[in-house]
Amino acid sequence: MPATHMRPHAIAGMITRLNDPRYARWAAQIHRTGGCRQPIHLRGRVDHIDRATGELLHSYSTRHEPDGVLRLPCKTRRASRCPTCAETYRADTYQLIRAGLVGGKGVPATVTAHPCLFVTLTAPSFGTVHARREKDGKILPCHARRDAPTCPHGKVMSCTARHSADDPRLGEPLCPDCYDYAGSVLFNAVSPKLWQRFTDALRRRFAKSEGLTLRELRQHLTISFAKVAEYQRRGVVHFHAVIRLDGPAGPAASPPAWATVEALTEAVEHAVHAVSFTVPATVDDPARVLRWGDQLDVRPITMDGGLSDQAVAGYIAKYATKAAECVSTLDRRLSPLDDLAALPLREHARRLIAECFRLGELGELADLRLIHWAHMLGFRGHFSTRSRHYSITLGDIRADRTAFVRDEAATTGRLPLFDEDTVLVIAEWEYAGKGYSAGDALLAAALTGTALPVLAAGGGGDAG
Ligand SMILES: [Zn+2]
Ligand SMILES: [Zn+2]
Ligand SMILES: [Zn+2]
């Protein structure tokens, strides 16, 4: 156990908790959060009332719980904030992506016959960066150029290093002063709009090739998506997406005969190149047109030896729990008042954040809210999104789990079994903080077998 976790007040807090007569109840709460690093504290009560007679059948209040609160898992998707809850999120995402590929969880298995692609849309280049390149299992030099040009800042645009996979220089520009930092953060900021335009262009392409209006197309075809954003090392997002063709009613209906894998591939290639987004001119910079990068990866998802449904679901689920990797230790909102120089960041990330602050001050770009999203390097979209018809939702999976917990509580006698039609449930809850005190954090880690959270000096969380 690191010495920083053994401060005297943490040990004193731990001893107080262990000697608390309600320690067993506290420990049971902690077990139920499953090792959440920053449990949410709720204060409140639930009354079960007989609808016919008005009789109070059962009452629960957190007044009798340790510290007067109920502790629930935080349910974050971000592994950097809570590894345990992020793992739950990852597993749930895996299930729903997979259900959209092979059926299950209410999606019929006939969905396997629908044309389906795994598509990666990338960002364009904003300058040469250090890269790890491999060919036939051999690591190649980064950017070896015999007649490498020298940039205006006197840097030779060549790097002969064979970078290891964990080389911190990966993704960093050969010359930071040549790098287009504005382009990088603006691309992140408009990428959700580019995605929207891409999906619109797909529909228009199908409509045009079949001689239909968009309204008529909807009576034949639904295009279903599930996508996830991934940060490349250089700090720009790209998107991995499952794109599937369904009939008008979604996965339960067959798509029309003309909606083939080949037709979808052609439409994707067309739509990626057809769309752009224009960022308005500012006092400092002219207007610029942003598009997807040239690197487009389109692969059919097949049930027989090609790209498998498990591989695709695993890939999307993995990225759904990540934040911007090059700022991952700084997974929180920033303000222009923060001293960027004092933050634990590499220079490349610092410059990307500084560029968000600079551009965010410009009235013409106010809509992009770049200051608000500086910690995400400008990206303000949802990390993983699905169209309405793709498959079940995370909410459905969570409702399953809540029902399970309730049934489990009923069968073990902690909650009486009521008929939901005849009983009125009145619940009142309020947020009462989150996280652990320093002493509780030590105990919780021991109880749940999880890693200790990194505690800020003076104690953890805003428990209380
Ligand atoms: Zn958690
Ligand atoms: Zn290099
Ligand atoms: Zn330069």
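**Close-up views of a predicted model**

**View 1. Y181 and its neighbours.** Y181 touches P173, P176, H348, R351, L352 and E355, leaving aside residues up to four places away in sequence; contact means heavy atoms within 4.5 Å. This is a predicted model, in which local features need pLDDT of at least 70, side-chain atom pairs count only at pLDDT 80 or more, and totals for chains, interfaces and linings use all residues. Residues are numbered from 1 along each chain as its sequence is written, chains are lettered from A and ligands numbered from 1 in the order in which they are written, and side-chain values use heavy atoms, with hydrogens and water left out. Y181 lies in helix α4. Helices (H or I, at least four residues) and strands (E, at least two) are DSSP runs, numbered from the N terminus. Y181 is buried, at 6% relative accessibility. Buried means under 20% relative accessible area, exposed over 50%, and partly exposed in between (1.4 Å probe, protein chains only). Y181 and E355 are 174 residues apart in sequence, yet their C-alpha atoms are 6.5 Å apart in space.

**View 2. The zinc ion (ligand 2).** H130 (ND1), C142 (SG), C159 (SG) and H163 (NE2) coordinate this ion at 2.0 to 2.4 Å. Donors are N, O and S atoms within 2.8 Å of the metal (3.2 Å for Na, K and Ca); water is not among the atoms, so sites may look incomplete. The site is tetrahedral, with angles of 103 to 115° among its 4 donor atoms. Four donors count as tetrahedral if all angles lie between 85 and 135 degrees. H130 sits in the loop between β4 (116-121) and β5 (133-135), and C159 in the loop between β6 (138-140) and α4 (181-210), 29 residues apart. H130 is buried, with a relative accessible area of 12%. C159 is buried too, at 9%.

**View 3. The zinc ion (ligand 3).** Its donors are C151 (SG), H153 (ND1), C175 (SG) and C178 (SG), at 2.0 to 2.3 Å. The arrangement is tetrahedral because the 4 donor atoms subtend angles of 102 to 117°. Along the chain, the donor residues follow the spacing C-x1-H-x21-C-x2-C. C175 is buried, with a relative accessible area of 4%, whereas C178 is partly exposed, at 37%.

**View 4. Contact of helices α2 and α10.** Residues Y23, W26, A27, I30 and H31 of α2 meet D440, L443, A444, L447 and T448 of α10.

Note on methods: Four donors count as tetrahedral if all angles lie between 85 and 135 degrees; four count as square planar and six as octahedral if opposite donors are over 155 degrees apart and all others between 65 and 115; anything else is irregular.
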